[in-house]
Amino acid sequence: MKHILITGASTGIGYAAAKAFLEKGYHVYGSVRKQADADRLQKELGPQFAPLLFDVTDQPAIAAAVQRVTAEIGNEGLACLINNAGVATSGPLMEQPIDDFKFQFDINVFGLLAVTQAFLPLLGAKANPGHAPGRILMISSVGGKLAAPFLGAYSASKHALEGLSNSLRVELQLFGIDVIIIGPGAIKTPIWDKPSANELGIYANSPFAPMMEKFQKYFVKNGKHGLEADGLGRDLVKVFEKRKPKARYAFVPQKFNNWTVPMRLPARMLDRIIGKATGLLRK
């Protein structure tokens with residue numbers, strides 16, 4: 001039996017991925033931050049799912065999780081680590097508190113690397129591991145390639161994730177461990193129905209407020225028409241099972257308009273298009 005570890009498994013992409021791998025007969029470890037979520041997932045997902053209680057910024061908790069997994073699966077090793085846990089902060093970079101920016105990177109970059117380093121031996125990064133080398137799936141975003149206004153901290157963290165992943169993929173050739181970037185677009189989840197999705201918070205009196213409000217309405221509308229999380233979960237299984245996967249996959253709704261065209265436009269032209277649509281373009 002192959003063992004999969006997914007961080008941030010309580011909701012969204014992580015939860016959908018856990019279900020998809022379980023349906024294909026894998027044994028899945030999923031990290032959560034709250035005992036209540038661990039209990040809920042254990043009940044919902046069944047005996048082949050094992051919750052791990054740790055925050056990606058908590059090094060001692062990560063180490064304890066490594067010890068537990070090592071004790072349980074021994075020389076079988078991990079077939080895949082899916083680095084999914086992440087957060088998104090928003091705000092104009094001119095005004096966003098540095099602590100918010102640090103928080104964004106603590107989870108999306110430093111926490112991701114801490115988890116990766118800790119579990120690499122179980123993926124085969126050691127002498128004579130006794131099992132086939134595993135794979136790492138890094139959950140990035142469209143924002144890992146295309147930067148949007150008011151999501152600068154998030155986009156910066158995902159750009160960092162992609163640079164880190166590309167370097168790591170070259171380095172881990174030493175052990176035969178592959179690193180694959182997954183860059184989803186908007187995902188349809190209940191978060192888009194929450195009032196906070198349309199709130200300006202500390203930026204209510206900012207000169208950027210009208211543009212932020214316009215952008216948020218577009219962003220929420222896009223999210224409600226995004227990819228189904230369950231479908232993306234099944235796509236992750238397919239990528240993992242490919243004999244020769246690509247280095248990066250973009251799973252984006254209306255892919256031609258939301259990915260192909262923007263990726264090919266000159267940067268200045270894309271700036272003007274977004275600036276005009278949001279009201280940021282100075283007349």
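**Close-up 1. Helices H4 and H5 side by side.** In this predicted model, helix H4 and helix H5 pack with their axes 8 Å apart, at an angle of about 20°. That angle makes H4 roughly parallel to H5, and H4 passes H5 in a right-handed crossing. To find the contact, start on the H4 side with Phe101, Gln104, Phe105, Asn108, Val109, Leu112, Leu113 and Thr116. Their partners in H5 are Ala153, Tyr154, Ala156, Ser157, Lys158, Ala160, Leu161, Leu164 and Leu168. Sorted by class, the contact of H4 with H5 has twelve nonpolar, four polar and one charged residues.

**Close-up 2. Helix H1 meeting helix H7.** Here we look at H1, residues 12–23, and H7, residues 229–241. Their axes come within 7 Å and cross at roughly 60°, which makes H1 oblique to H7. The crossing of H1 and H7 is right-handed. On the H1 side, the contact is made by Gly12, Ile13, Ala16, Ala17, Lys19, Ala20 and Phe21. Facing them from H7 are Ala229, Asp230, Leu232, Gly233, Arg234, Leu236, Val237 and Phe240. By class, you will find ten nonpolar, two polar and three charged residues in the contact of H1 with H7.

**Close-up 3. Helix H1 meeting helix H2.** H1 also packs with H2, at an angle of about 30° and with the axes 12 Å apart. This angle makes H1 roughly parallel to H2, and the crossing of the two is right-handed. From H1, the residues to look for are Tyr15, Ala18, Lys19 and Leu22. They meet Arg40, Leu41, Glu44 and Leu45 in H2. The contact of H1 with H2 divides into five nonpolar, no polar and three charged residues.

Close-up 4. Alanine 9 sits in the loop between strand S1 (3–6) and H1. With a relative accessible area of 0%, alanine 9 is buried. Setting aside its neighbours within four places in sequence, alanine 9 is in contact with Gly14, Tyr15, Gly30, Ser31 and Leu41. For a sense of scale, pick out alanine 209, which lies 200 residues away along the chain. The C-alpha atoms of alanine 9 and alanine 209 are separated by 34 Å.

**Close-up 5. Aspartate 37 in helix H2.** Aspartate 37 belongs to H2, which covers residues 35–45. Its relative accessible area is 19%. Since buried means under 20%, aspartate 37 counts as buried. Not counting residues up to four places away in sequence, aspartate 37 touches Ser10 and Val32. Proline 51 is 14 residues from aspartate 37 along the chain, and their C-alpha atoms are separated by 8.6 Å.

Close-up 6. The structure holds ten aromatic pairs. One of them joins phenylalanine 21 and tyrosine 26, with ring centres 5.3 Å apart and 70° between the planes. This pair is edge-to-face. Phenylalanine 21 and tyrosine 26 are both buried. Elsewhere, ring pairs link Phe150, Phe208, Phe215 and Phe219 into a cluster.

**Close-up 7. Two loop residues with positive phi.** Most residues other than glycine have a negative phi. Our next two residues are worth a look with that in mind. Asparagine 128 has a phi near 50°, a positive value in a residue other than glycine. Look for asparagine 128 in the loop between helix H4 (98–123) and strand S5 (135–139). Asparagine 128 is exposed, with a relative accessible area of 76%. Phenylalanine 150 also has a positive phi, near 70°. Phenylalanine 150 is found in the loop between S5 and helix H5 (152–171). In contrast to the exposed asparagine 128, phenylalanine 150 is buried, with a relative accessible area of 8%. You have already seen phenylalanine 150 among the rings of the cluster with Phe208, Phe215 and Phe219.

How values were computed: Residues numbered from 1 in each chain as written. Predicted model: local features only at pLDDT ≥ 70, side-chain atom pairs only at ≥ 80, totals over all residues. Heavy atoms only, no water. Axes fitted to C-alpha atoms, helices over the stretch in contact; angles between N-to-C directions. Helix = DSSP H or I, 4+ residues; strand = E, 2+ residues; numbered from the N terminus. Parallel < 35°, antiparallel > 145°, perpendicular 65-115°, else oblique. Left-handed = near helix turned anticlockwise from the far one by under 90°. Contact = heavy atoms within 4.5 Å. Nonpolar A, V, L, I, M, F, W, Y, C, P; charged D, E, K, R; others polar. Phe/Tyr/Trp six-rings, centres within 6.5 Å; stacked < 30°, edge-to-face > 60°. Buried < 20%, exposed > 50% of the residue type's maximum accessible area, 1.4 Å probe, protein only.
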